Structures are given as structure tokens and as C-alpha cells.
Amino acid sequence: MRAKQGTAALIKKYQQLFKRLNHKQIAERLVGLLAARPHVKRAVLVVEYNGELNIEALAVRDTRGSVDIRGLSTLLSQSRNLPVAAIEQAYRIQRSVSIPLAQADCPVDLSAALHPIEECGESVAAFYLESTLDADSLIDELAELESIWLISSLVVRQFLDMKRFSQQSERSRTTEKALWASETYLNAILRYSPALIAVKDLNGNVIMASDHYKQLAHTNDGPLIGKNTADIYPPELVESLKSIEAAALDARKPFETEIELPHKDGSIHTYLMVKFPLSDREGDVFGVCTICTDVSDRKLAESALREQQSRLNYMAFHDALTALPNRSLFYDRINHGIARAQRSESKLALMLLDVDRFKNINDSLGHDSGDLLLKSIAARLNDGVRDMDTVARLGGDEFVVLLEGVHDLDDVRFVANKLLAQVSRPMEIVGHEISITASIGISVYPADGETTDELLKNADIAMYKAKEAGKNNCQFYAKGMSATAVNYLLLENDLRRALEQEQLTLHYQPQINLHSGELTGVEALVRWQHPERGLVSPAHFIPLAEETGLIVPLGEWVLKAACQQQKRWLDAGLQVPQMAVNLSTRQFRQRDFPGKVATVLRETELPAEYLELEITESCAMEHASETINQLNQLNQMGLQLSIDDFGTGYSSLAYLKRFPIDKLKIDSSFIHDVPLDQNDAAIAKSIIGLAHNMQLTVVAEGVEQQHQAEWLAEEGCDQAQGFLYAKPMPAAQFESHFNGAGQFDFNSNIVSLKDFA
């Protein structure tokens with residue numbers, strides 16, 4: 001009887017000990033009961049929960065005898081300093097079991113045992129002990145701790161229930177928090193989203209709507225929830241929405257369309273509307289969700305892009321200065337005209353018009369005045385012909401007029417004289433009244449040629465004949481006209497001799513970084529000092545070299561001379577980052593041209609990274625696949641590649657993105673009037689944006705005014721060259737602008753434009 005009273009008193013004592021504890025504190029108290037014995041070095045409570053063994057509490061005695069008790073909640077399998085496998089094996093034995101310790105598990109001489117805690121004949125928990133007692137003594141002592149095992153069996157169930165309740169409470173709190181967060185997010189989306197978001201039931205009643213609806217013209221500031229679409233929208237819009245919703249419901253999938261909706265401020269906005277059905281867990285549709293995204297800005301941007309593309313297409317086939325058809329469009333027109341003349345067995349007349357003494361205008365009044373004069377001449381020529389005829393500008397001060405349906409040559413002469421009279425009428429240019437004349441050469445299809453090139457060549461011969469006859473007159477081509485041909489032949493012979501006798505020289509025009517002001521390179525430009533003719537303009541002998549094929553040896557001389565000069569500068573310590581050399585189409589199309597470049601670099605001992613080769617946009621797009629192959633070979637050599645005169649041709653972006661180029665050079669014709677001319681500014685901006693999107697450097701050519709440079713820098717253009725910074729100069733003069741550190745000084749090389757007016 002006394003023993004039973006003792007057991008009851010002990011249980012009551014333990015109940016007081018574990019009263020008002022949470023499950024973690026219970027676990028700590030349980031291991032604390034065992035850790036109170038001085039021979040116990042470590043006590044662990046292992047509890048089976050959800051089919052897995054978990055460490056719920058751990059007590060460790062340090063070398064000073066102090067016991068550290070911690071509540072845990074971790075899987076036994078994740079423990080690194082317990083004999084996990086032995087504990088798992090002994091757990092099911094349902095009696096006190098010794099556990100052998102490996103030296104890795106315990107560095108001191110200890111014994112270990114596991115005692116299970118049972119409930120209804122099954123283990124629900126266990127105590128793992130490490131002790132300084134030997135294994136047999138430890139097992140004997142465990143048998144004497146009946147009261148601890150009894151209270152543990154009573155408390156572990158309480159522990160499990162409390163833990164399960166705690167986890168359920170935590171899950172409930174987490175779920176409640178998630179629901180609150182979801183509601184908060186949804187309310188934030190509906191309140192602040194710039195989109196129209198709504199959910200309606202199948203009767204059209206609004207269940208949910210975003211605040212953005214309040215901006216629509218047909219809604220008020222009150223809530224929309226509970227209202228029907230018929231009470232919100234105009235009847236015609238309701239019918240339109242019904243048909244869209246019906247399509248989405250019938251297809252059981254999202255339906256997308258664009259719709260225009262008025263806002264309260266009177267503006268019309270374009271929305272991309274997506275409607276899709278909402279289904280419950282059984283798959284039954286209970287409503288329709290609508291999401292409308294405002295795409296007005298995108299539509300405007302697309303429209304602006306189309307307009308810009310249209311302008312670019314226009315500029316690709318029209319002269320930037322006069323807006324007349326350019327050479328490309330003229331060739332297209334005349335080819336079609338020749339085809340029509342063949343079918344109708346009629347004649348076609350080609351008039352080549354060249355302004356007399358135009359250079360005097362540029363030299364005396366400046367290039368701006370010359371441009372105004374060319375614009376005026378273009379307008380007068382257009383006024384002097386029929387709508388079916390074509391007036392084009394081939395370049396410089398040279399125009400061409402194409403007359404179709406010609407039956408009488410007297411009619412052609414009449415038109416030519418009419419145009420001469422139109423051109424010769426005085427015109428006011430920047431406060432000056434100017435009278436100018438022109439010379440016209442005429443060739444007629446088919447008598448004077450059956451191809452465009454033949455007709456142009458013969459009209460050119462006739463035009464020079466008109467100039468020889470005193471200018472301000474027209475001349476028909478006649479067989480035997482050879483003045484121009486002879487002159488060209490003599491000039492060709494002189495050019496061949498110039499190559500042999502080294503009459504050619506190079507001038508160098510610096511290029512500047514628009515943001516740092518540093519020298520980024522130079523462009524090598526060929527000059528011809530004729531012993532009798534004087535300085536021959538490249539505009540005269542370069543086309544001749546192209547036509548006669550001399551451009552190939554001329555280009556080879558320029559390439560080698562430029563590389564030699566660059567090598568001399570580098571050896572002298574002058575910091576010239578790049579030497580840019582222009583390539584002609586015929587030179588670039590040579591067989592094994594990359595091999596020729598490699599030979600020049602090897603002979604001059606110039607590292608490839610100091611050489612930059614430039615090809616024109618039209619050259620690059622001619623036989624584009626072959627161009628890609630050539631450029632890839634050059635790129636693999638390590639030199640720089642650039643597209644010159646960009647914007648004057650008609651590039652295919654599909655090919656351009658495949659070119660391994662480093663730079664795009666904006667043609668000077670687009671720089672001349674920026675930022676005043678909106679078309680030129682738009683084209684320049686587009687080229688800069690295109691280049692930067694393709695990770696290319698942009699160089700502006702022909703920069704002559706400070707405001708041009710400032711505008712280009714603001715728009716992100718990287719580099720520039722032109723008279724604002726320096727004119728092309730001989731090597732010795734170029735070298736004189738380097739300081740003692742081998743750096744180029746632009747400040748000592750500013751060129752006044754009035755010196756070149």
C-alpha cells in the first residue's frame with residue numbers, strides 16, 4: 001500500500017513539474033531528469049513523429065560539470081555526431097539496449113544505451129544516453145529508473161498532442177497570413193494597376209473591378225461591384241463586348257482583340273483586350289475575366305516607326321539635298337523607260353545638265369549658298385518638264401532629265417532650251433542676286449545607245465561639247481564627238497604615269513572622340529599633284545580610276561603607303577590609334593583580297609589592330625554573301641572594319657547584322673543640316689541608335705559647325721571628323737600637332753571655315 005502511495009505521490013510530483021509547459025519545454029525537462037545524474041555525459045530525447053524519428057531535446061555536460069539543455073526539432077537522420085544507424089536499429093527492440101560507440105562518434109571512453117518509451121505496447125519515443133559507467137552498469141541503472149520511464153510514457157503523449165496542435169496552429173496562422181497577403185496583393189493590383197481588370201458572372205454582373213475603370217468616359221467615381229455591364233457601358237459597346245465574351249465562352253479559351261475606349265479627358269485609348277472564362281473545381285464556367293492593357297503608346301510608336309521607315313525608304317531613293325530621285329531611282333526609271341520605248345518603238349531622250357562655274361559659287365559664297373542654289377535649280381527643272389518625265393540629281397552640280405514618248409527631236413531641243421532659260425533666271429541667294437547658266441548634253445535612245453550607261457556616257461560627251469561651245473547651250477550627241485574622250489584618255493595616261501613616278505601623296509584627316517576630345521584615328525586620303533595640271537581633284541581622277549581599272553593599283557599604293565606611315569608614327573612614339581583606308585568596290589572584290597592585305601601588313605611590319613578598312617554601304621550590299629566571307633577573313637586577321645557613307649545606300653538589316661564590322665560612318669550629307677533639318681536629324685538618330693544596338697561605334701563625317709558637334713554628342717554619337725577639327729593635311733603637318741608625350745593636340749589645329757568658303 002505504501003509503495004502505491006509512493007508511486008502516486010511521485011506521479012503527482014512530476015505532473016506539477018511538467019504543468020503549464022509547452023511541448024519544447026516538456027522535452028527539455030525530460031532530458032533534464034536524466035542529465036541530472038552525474039555520470040551522464042549526453043542525453044537525447046528521440047520521438048517518433050509522422051513515421052520518422054526526430055531529436056526533440058539534447059542535454060550535454062561539459063568538462064566543468066555544467067549541463068546545457070536545448071530543445072530541438074530535427075530529423076535524427078540528419079544528425080552528424082550521433083550513432084544514427086545503431087539508434088534506429090535499437091529503437092524497435094522495446095527494452096534497454098547497449099549501443100557500441102565508434103571512436104568517430106565519441107572521442108572519450110564512454111558507454112551508450114537506448115531506452116524506449118512505450119505506449120500500448122509500441123515504442124513512441126526513446127532516450128539515448130552516453131555515460132561514464134560501463135555498459136552493464138548503465139543498463140542496470142536504467143532498470144532502476146522506473147519512475148522516469150513511467151512519467152515519460154505519460155508525458156510523451158501530451159508532448160505529441162501539443163506538438164501536433166502547435167504545428168496545426170502554425171499552419172493555420174501561415175494560411176491566414178497567406179490569405180491576408182493574397183487579399184492585400186489583389187486589392188493593391190486592383191487599386192494601382194494601370195490595366196482594366198474585371199470579373200463578371202454569366203449574367204454580366206461585376207464581381208470585381210480595378211480602379212483604372214474610373215478613368216473611362218462612361219463610368220462614375222462610385223464602385224462598379226454589383227452593377228451590370230448594361231448599366232455601365234453605352235448600348236453599342238455592350239453588344240460588342242457580348243460578342244467577344246460569347247466567343248471566349250464558346251471556345252473555352254482566351255479571346256484577344258483590340259478596342260478603342262474614350263477617357264474622361266476626351267482622349268481615345270487603344271486597349272489590348274483579353275477575355276477568358278473562369279471555371280470552378282468541377283470545370284463549370286461561372287464567370288468571365290477581362291484584362292485590358294493600354295497599348296496606345298505602343299501603337300503610336302509603331303506608327304512613328306512606320307513613318308520613319310517610310311522616310312528612310314524615301315531617302316534611300318531620293319537626293320537628301322534636293323529631294324529629287326537619286327542615281328538608284330534614276331537607273332530604275334530609265335530602265336523601265338527603255339523597256340516601254342522598246343515595246344512602243346518610240347524614242348527616249350536623256351539630258352545631262354551641269355551647272356557652269358558652280359565651283360565659283362562654293363568658293364565665293366560658301367557651300368551653304370551652293371546648296372541653296374542647287375535646291376532652286378532642282379525646283380526649276382521640275383517645273384519645266386511633264387509629270388511623266390523624270391528629273392534626278394546624279395551628284396554634285398550634275399542633273400539628269402529623262403523624257404519619254406519622244407517623236408520629234410525639235411521637241412527635245414525646245415525642252416532643253418526651256419530648261420536653260422529657267423535655270424538662267426536670276427535668283428536671290430542669302431541676299432545676293434545670282435545669275436547662273438548650265439550646259440546640257442543630250443543622247444537619244446536607241447540611236448545614241450541602247451543601255452543606260454551608253455546613253456549617260458554619250459550625253460556626258462555632248463555636255464562637254466556644250467561647255468566647249470561657250471556654255472549655256474545644249475548639244476545633241478553625234479558620232480565623232482571625242483573631245484571628252486581624248487581628254488579622259490590623256491588623263492588616264494597621266495594617272496598611269498603618276499602611279500609609276502610617285503606623283504601621288506597621302507593627306508591625313510584626324511578623327512576625334514566627341515566625349516573625351518582625344519584622337520581616335522586618322523583617315524588616309526589620296527592626293528595627285530600633277531606636274532602640269534596642278535592639284536587634280538579626287539572627284540576627277542577617282543571616277544576615272546574606277547572606270548579604267550586603275551583604282552586597283554591606286555588602292556594598293558594607298559594601302560601600303562598608309563601602313564608604312566602608321567608604322568613610322570608608332571615607332572616614333574606618336575599615339576595614332578587607327579589608320580583608316582578607303583577601299584573601292586573593284587579593289588575589295590579582288591580575288592584573295594584578304595591575302596593581299598596580309599602581305600602588306602607583313603611587309604610593313606604593322607600590327608593588324610592599327611589598321612582600319614572602310615567600304616561603302618553600296619559596296620557592302622553588292623553580293624552581300626560574298627562580302628560577309630571577305631569581311632570575316634579580314635576580321636580574323638585582327639584589323640578594324642567600318643561601313644563608310646552609311647545612309648546613302650539601301651542596307652538590308654538581315655545582312656548588316658551578319659557583317660563583322662566595328663564602325664558605321666554617317667555620310668556627311670546627313671550631318672550638314674542637323675539639327676535644323678528634321679529629316680536629316682531623324683536619319684542620323686536612327687543610324688546612331690541602330691549602331692549602338694548592334695554594339696558598333698558611330699562616326700560622323702563632314703562636321704563643320706560647333707552646333708553639329710554638340711548635337712551629335714548629345715545624341716550619343718561616338719566620334720567625328722571634319723573641318724571643325726582639322727582639314728586633311730600632309731604627314732609632316734600632322735606630326736607637328738603631337739606634344740612631347742606623343743599625344744595629338746586638336747587645339748592647335750582648329751580650321752576656320754571662312755578659309756574654305
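Biologist: What pLDDT does the protein average?

Modeller: The model is predicted, with local features read at pLDDT of at least 70. Of the residues, 92% score at least 70. The protein averages a pLDDT of 83.

Biologist: Over residues 749-757, how many contacts beyond near neighbours in sequence does the model have?

Modeller: Residues 1-5 stay under 50 in pLDDT, and for them the model has 0 contacts beyond four places in sequence. Over residues 749-757 the pLDDT is also below 50. Beyond near neighbours in sequence, the number of contacts for residues 749-757 is 24.

Biologist: Which strands stand at the edges of the open sheet of 6 strands?

Modeller: The order is β3-β2-β1-β6-β5-β4, with antiparallel pairing. A strand at the edge has a single partner strand, so one side of it is left without a neighbour in the sheet. The edge strands are β3 (67-75) and β4 (97-99).

Biologist: At about what angle to β5 does helix α4 run?

Modeller: Helix α4 (residues 135-143) lies across β4, β5 (111-119) and β6 (122-131). Its angle to β5 is about 25°.

Biologist: How many residues of strand β17 are buried?

Modeller: Buried here means under 20% relative accessible area. On one side of β17, Ala438, Ile440, Ile442 and Val444 are buried, and on the other so are Ser439, Gly441, Ser443 and Tyr445. For β17 (residues 438-445) the count is 8 of 8.

Biologist: Which residues touch the most other members of the largest nonpolar core?

Modeller: In soluble globular proteins, nonpolar side chains tend to be buried together. The largest nonpolar core has 84 residues, and helix α16 (residues 551-571) supplies the largest share, 9 residues. Beyond four places in sequence, Leu611 is in contact with residues including Leu559, Cys563, Val597 and Leu639. The members that touch the most others are Leu611 and Leu613.

Notes:
Residues are numbered from 1 along each chain as its sequence is written. This is a predicted model: local features need pLDDT of at least 70, side-chain atom pairs count only at pLDDT 80 or more; totals for chains, interfaces and linings use all residues. Side-chain values use heavy atoms; hydrogens and water are left out. A nonpolar core is a set of buried Ala, Val, Leu, Ile, Met, Phe, Trp, Tyr and Cys residues joined through side-chain atoms within 4.5 Å. Buried means under 20% relative accessible area, exposed over 50%, partly exposed in between (1.4 Å probe, protein chains only). Helices (H or I, at least four residues) and strands (E, at least two) are DSSP runs, numbered from the N terminus. Contact means heavy atoms within 4.5 Å. pLDDT is the predictor's confidence in each residue, from 0 to 100. Two strands pair if DSSP finds at least two bridges between them. Axes are lines fitted to C-alpha atoms, for helices over the stretch in contact, and angles run from 0 to 180 degrees between N-to-C directions.
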